[in-house]
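Dear colleague,

I am passing the structure on to you with this message, and my notes on it follow below. Please read them with the coordinates open.

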Amino acid sequence: MSVTRLTLLLADPRRIDYSFNESRISQTAEYVWHAECSPKEAEKITAIFGDLCIPGFTTPGEHTVKSFTEKGFFLASGESCTGGLIGAEITSVPGSSRMFWGAMVTYENSAKKNVLGVREETLAAEGAVSSGTVLEMAAGLQQLSGAQVCVTVSGIAGPGGGTDDKPVGTVWF
């Protein structure tokens, strides 16, 4: 039997339908699952999961580096609650220097303002964990880096710091 290998990027493991009886699916890291299956099962899995399904066994960083390098795009990350983990995932892949400008970790509000140009008014009105803040972080990062794609993230990682309006686990990209 021919074997097809896939990588699934799933935040919620309940999305895996264990009725894939011709597949061996195993978790390899948080949010990363590998499947070995027949070509017919691979078509079924790909139809269900779409862009969350990547051909072959890979990591999110490897897939990003390969895709951006092939397209000639540069990526930059502006990170708060992730503390540089996006940049670390990307730079752990050989060849990432061909597509990664860098990461700006702007954890404290003054860093968001002074480095990425988030307005004091936005922070006061919406808070650091808000759509307005991450959009301004992205605009400032794009101006600073010139990268075609800028990913910014701010959130409440916990265990404390959450409120009724913004509970622990709230994240804006």
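Does Glu120 count as buried, partly exposed or exposed? The model is a predicted one, and in it Glu120 has a relative accessibility of 42%, so this residue counts as partly exposed. Glu120 belongs to helix 5, which covers residues 120-126, and its C-alpha atom is separated by 29 Å from that of Phe100, 20 residues away along the chain.

The salt bridges come to three in number. In one of them Lys113 is joined to Glu120, with 2.6 Å between the closest N and O atoms, and Lys113 is itself partly exposed at a relative accessible area of 30%. Another is formed by Glu136 and Arg119, whose closest N and O atoms lie 3.1 Å apart; this pair links distant parts of the chain, since Glu136 sits in helix 6 (residues 131-145) and Arg119 in the loop between helix 4 and helix 5, 17 residues apart. Glu136 is buried, at 16%, whereas Arg119 is partly exposed, at 47%. Lys66 and Glu70 also meet in a salt bridge, at 2.9 Å from N to O, and both are in helix 2 (residues 60-71), four residues or about one turn apart. Lys66 is exposed at 53%, and Glu70 is exposed at 58%.

Strand 3 (residues 32-37) has six of its six residues buried, and is therefore largely enclosed by the rest of the structure. Val32, His34 and Glu36 lie on one side, with Trp33, Ala35 and Cys37 on the other. Strand 3 pairs with strand 1 (residues 4-9) in the antiparallel sense over six bridges, and Trp33 is the bridge partner of Leu8.

Best regards

Notes:
Residues are numbered from 1 along each chain as its sequence is written. This is a predicted model: local features need pLDDT of at least 70, side-chain atom pairs count only at pLDDT 80 or more; totals for chains, interfaces and linings use all residues. Side-chain values use heavy atoms; hydrogens and water are left out. Helices (H or I, at least four residues) and strands (E, at least two) are DSSP runs, numbered from the N terminus. Buried means under 20% relative accessible area, exposed over 50%, partly exposed in between (1.4 Å probe, protein chains only). Two strands pair if DSSP finds at least two bridges between them. A salt bridge is a side-chain nitrogen of Lys or Arg within 4 Å of a carboxyl oxygen of Asp or Glu.
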